[in-house]
Amino acid sequence: MARGLFGAMARGAGALTRSGDGGDDQYWNGGWWSTPSATGIQINQQTALQATTVMACVRILSEDVSKMTPKLYRRYDKGIHKKGARELIGVKDHPLAAVLHRPNDWQTWPEFCRMMVVAFALRGNAYAVILRNRRGDPVTLVPLNPDRVALWQAPNGELFWWVTRSGLHELYVLRNEPLMIPYEDMFHLKDLSADGLVGTSPIALAREAIGLSLGQEQQYARLMGNGARPAGVLSTDQKLTEPVAARLRADWERLNSGLVNAGRTAILEQGLKWTQLTIDSVDLQFLQMRQFQVIEICRIFRVPPHMVGDLSKGTFNNIVQQAQEYRNNALGSHTDIWEKRFDFTFGLHAGDYEVDFDESAMLKADITARYNAYRIGVLTGWDTRNEVRVLEGKDPLPGLDEPIVPANEISGSDLGSDMGGGNPGAGKPSETIDVDNQPASANPGE
């Protein structure tokens, strides 16, 4: 198959179009650099992260997803294994296994994953070019800023990715890649999509909520820096000339305006009196609006408000429930997109492979709850004692590899009974115990 721009030109006479050129701005809303908001603030990746709630939500999501290390497993459908069962130890002889451990030569998996999740959370798209060896196996994933990636379509329906290289390192790493990268050589995570090809940008769709949060913060910052909102007023019964009034105001602003002058002692003259102003209802409403914007932005990223420090509606019971919903819904959606895209891009299902993110790091509760869960797992035979020790970072001990089977859960075959009715005496005790705990004959007549 011809690759890159030259292959597309040969088949379609060079008639490539960028996805979204049809006029629907929703396809590429915010995909190129900035999107203006009604506040006049341009919303892009950099300005959006300047909103503390956006930064907190994106950081929480990226850190939590990166904690769940992906592993490659092989599924079985033969022999003693039931359909859908898989091996307990991750596969290491598959080319993708090495990429999951070390995606490239300059990033660890958590660093790579965090970069991808940040791009996905802000732009709704995360891209990584797949570098392959001569056999076609993946050997490196090169993450890209989504603002420098565009999807182009050939007349015959083939898809290509135009990547604007940036920096000497990226130019060197992609030196052997064509200008137009084939669709199958890009690892692409996409969020909500209007055309099924590229995801829509969350910060573009929610630009007004983010812009309002930034506008409120900047307004209060200017008020604090310039002293435009006085904490009180200076008044006098005397008549002040214009030069004297100007001098007094200049002296007051010089000595009391700004953070560096907060708390300084003022010397008043001309019978001036200081009257402190209290917060009025407008100020209180403004503070409530800022608090509402925190909840509004958390709603965009599906992060519970208590995780970004807003405990106004938090109680012990609902915080526990919200944390569980966050793990099930927000993080579960992220990892599911990753797992399905690995399968789709690298054809894992055809070889009975699957990628699974290890969620154990996110499920650790306090030590009492964790040990109680271990106790239930061990006593019911679900876990072995050595498995629990390994989970807690301890060395296995001899004799603790077999699961404990509760007596009330032993099957009939384990007791020696013939469930088919072949031997009516099977499974019965050879002797009974009398009330004095002394052995008695199984035959009362003897």
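I took two strands to pair if DSSP finds at least two bridges between them, with helices (H or I, at least four residues) and strands (E, at least two) being DSSP runs, numbered from the N terminus. I noted that this is a predicted model, in which local features need pLDDT of at least 70 and side-chain atom pairs count only at pLDDT 80 or more, while totals for chains, interfaces and linings use all residues. Residues are numbered from 1 along each chain as its sequence is written, and side-chain values use heavy atoms, with hydrogens and water left out.

Confidence. I read an average pLDDT (the predictor's confidence in each residue, from 0 to 100) of 78 for the protein, with 68% of the residues scoring at least 70. Over residues 1–14 the pLDDT is below 50, and beyond near neighbours in sequence I found 24 contacts (heavy atoms within 4.5 Å) for this stretch.

Strands. I looked up β8 (residues 159–163) and found four of its five residues buried (under 20% relative accessible area, with exposed over 50% and partly exposed in between, 1.4 Å probe, protein chains only). β8 pairs with β9 (residues 180–182) in the antiparallel sense over three bridges, and there Phe160 has Pro182 as its bridge partner. With β7 (residues 149–153), β8 pairs in the antiparallel sense over five bridges, where Trp161 is the partner of Leu151. I saw that β7 and β8 form a hairpin with five residues between them, and that Gly157 in the turn has a positive phi of about 95°.

Helix. In α5 I listed the buried residues, among them Trp109, Phe112 and Arg123; Gly124, with a positive phi near 75°, follows α5.
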